[in-house]
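Here's a quick briefing to read with the model open beside you. Take it one topic at a time.

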Amino acid sequence: MITEDAGTRAPAPTAPVAVAPPGPRSRKPRRGWDEVPRWQIYVPLSVYLLFTLIPFYWILLFALRPAGSTSLVPWPLTLEHFDKVWTERSFGTYFQNSVLIGVATLVMTTVIALAGGYALARFDFRVKRGFMLGLLCSQFVPGALLLVPLFQIFAKLQMINSLASVIIAETVFQLPLSMILISGFIKNVPYSLEEAAWVDGCNRFNAFRIVVLPLLRPGLIAVGSFAFVHAWNHFLFALMFLSNQDQQTLPVGLNTLMSSDSVDLGALAAGGIIAAVPVVVVFAFIQKWLITGFSAGAVKG
């Protein structure tokens with residue numbers, strides 16, 4: 001009988017030892033060469049926001065705290081300054097005049113610029129480039145240079161001390177830039193859409209009204225809002241063409257609160273808030289359309 005020697009016996013197979021995978025290394029993600037640290041963004045923005053909000057808080061402070069108070073906190077709150085400028089200083093009348101001038105300027109500027117912008121975008125004529133150059137050059141002319149010729153024209157037409165004179169002047173001043181902007185918006189609308197409408201039986205006006213005009217809504221809102229804000233805040237035309245107190249606008253009314261002897265800071269702050277709040281509210285509602293309109297006119301299609 002043959003037996004195996006203990007020294008020559010084959011070793012028993014051993015089970016493989018499981019090796020744990022290496023754990024994740026705690027490394028911070030490397031910053032790209034063009035990535036800016038967050039503090040370099042937030043610190044300048046915070047400083048800018050601080051310098052922007054301090055004047056607004058200062059206006060609210062003078063408008064809401066009692067007369068003669070030196071507190072840095074508007075408490076107790078009072079509306080006496082608003083009541084004073086609205087009733088005693090006729091700011092209610094000034095507000096109505098500013099609204100009328102702003103809305104009328106918005107409508108006239110938008111309608112006329114829409115017609116002129118469509119002609120510049122869809123038609124070719126010999127003096128087109130010269131006309132566009134003239135529109136651009138007119139933007140370098142300050143409004144003060146237009147006062148004398150416009151005053152003479154309105155005096156001959158017996159339109160001095162009339163809100164219509166300010167509306168016409170504001171419209172004339174806003175038309176060149178508005179026409180250029182709207183022509184850019186119309187160029188971004190494919191011409192094939194109008195041609196398809198013509199094939200379906202529409203004439204040029206109906207094709208523009210049904211097909212093109214709805215696509216221009218953001219651009220029209222952008223142009224109209226700028227026309228309204230400019231007419232709302234403009235000071236020179238209302239000061240020169242309107243001399244009666246019942247025809248004045250808010251910027252001229254704010255000027256009457258300041259004299260060489262003294263300035264009523266509370267009334268001036270309240271009048272400034274009355275003049276600023278409507279514009280802020282309007283822009284808060286149309287900001288989506290405003291941004292869309294600018295992006296639509298920024299790139300030529």
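Predicted model: local features only at pLDDT ≥ 70, side-chain atom pairs only at ≥ 80, totals over all residues.

Residues are numbered from 1 along each chain as its sequence is written, and side-chain values use heavy atoms, with hydrogens and water left out.

- Thr-110 sits in helix 3; helices here (H or I, at least four residues) and strands (E, at least two) are DSSP runs, numbered from the N terminus.
- Thr-110 counts as buried because its relative accessibility is 14%, and buried means under 20% relative accessible area, exposed over 50%, and partly exposed in between (1.4 Å probe, protein chains only).
- A polar atom of the Thr-110 side chain lies 2.7 Å from the backbone oxygen of Leu-106.

**The whole protein**

- The protein has 12 helices and 0 strands.
- Of its 301 residues, 33% count as buried.
- Take the contacts between residues at least 6 apart in sequence: 71% of them join residues at least 24 apart.
- The accessible surface comes to about 20,000 Å², and 67% of that belongs to carbon and sulfur atoms. Accessible areas come from the Shrake-Rupley method with a 1.4 Å probe, and for residues only the protein chains shown count as cover.

**The nonpolar cores**

- In soluble globular proteins, nonpolar side chains tend to be buried together.
- A nonpolar core is a set of buried Ala, Val, Leu, Ile, Met, Phe, Trp, Tyr and Cys residues joined through side-chain atoms within 4.5 Å.
- Which members of the largest core, with its 19 residues, touch the most other members? They are Ala-63, Phe-82, Val-85, Phe-91, Trp-232, Leu-250 and Leu-257.
- Two or more residues of this core come from each of helix 1 (39-64), helix 2 (80-88), helix 3, helix 9 (217-233), helix 11 (250-256) and helix 12 (265-298).
- Helix 12 supplies the largest share of this core, with 7 residues.
- There's also a second, separate core of 18 residues, which includes Met-179, Ile-182, Phe-185 and Ile-186.
- Leaving aside neighbours within four places in sequence, Leu-257 is in contact with Val-85, Arg-89, Phe-91, Val-263, Asp-264, Ala-267 and Leu-268.

**Salt bridges**

- How many salt bridges are there? The count is 2, where a salt bridge is a side-chain nitrogen of Lys or Arg within 4 Å of a carboxyl oxygen of Asp or Glu.
- Arg-122 pairs with Glu-194, with their closest N and O atoms 2.6 Å apart.
- This pair links distant parts of the chain, 72 residues apart: Arg-122 is in helix 3 and Glu-194 is in helix 7 (residues 191-199).
- Both Arg-122 and Glu-194 are buried, and Glu-194 has a relative accessible area of 0%.
- Not counting residues up to four places away in sequence, Glu-194 touches Tyr-118, Arg-122, Ala-207 and Val-212.
- Lys-128 pairs with Asp-124, and here the closest N and O atoms are 3.4 Å apart.

**Ser-165 in helix 6**

- Ser-165 is found in helix 6, and this residue is buried, with a relative accessible area of 0%.
- The Ser-165 side chain reaches the backbone oxygen of Ser-162 at 2.5 Å.
- Apart from neighbours within four places in sequence, Ser-165 is in contact with Phe-154, Met-159, Phe-241 and Leu-242.
- Ser-165 and Ala-238 are 73 residues apart in sequence and 8.9 Å apart in space, C-alpha to C-alpha.

Key. Contact = heavy atoms within 4.5 Å. Polar contact = N/O pair within 3.5 Å; in protein donor to acceptor, adjacent residues only side chain to side chain.
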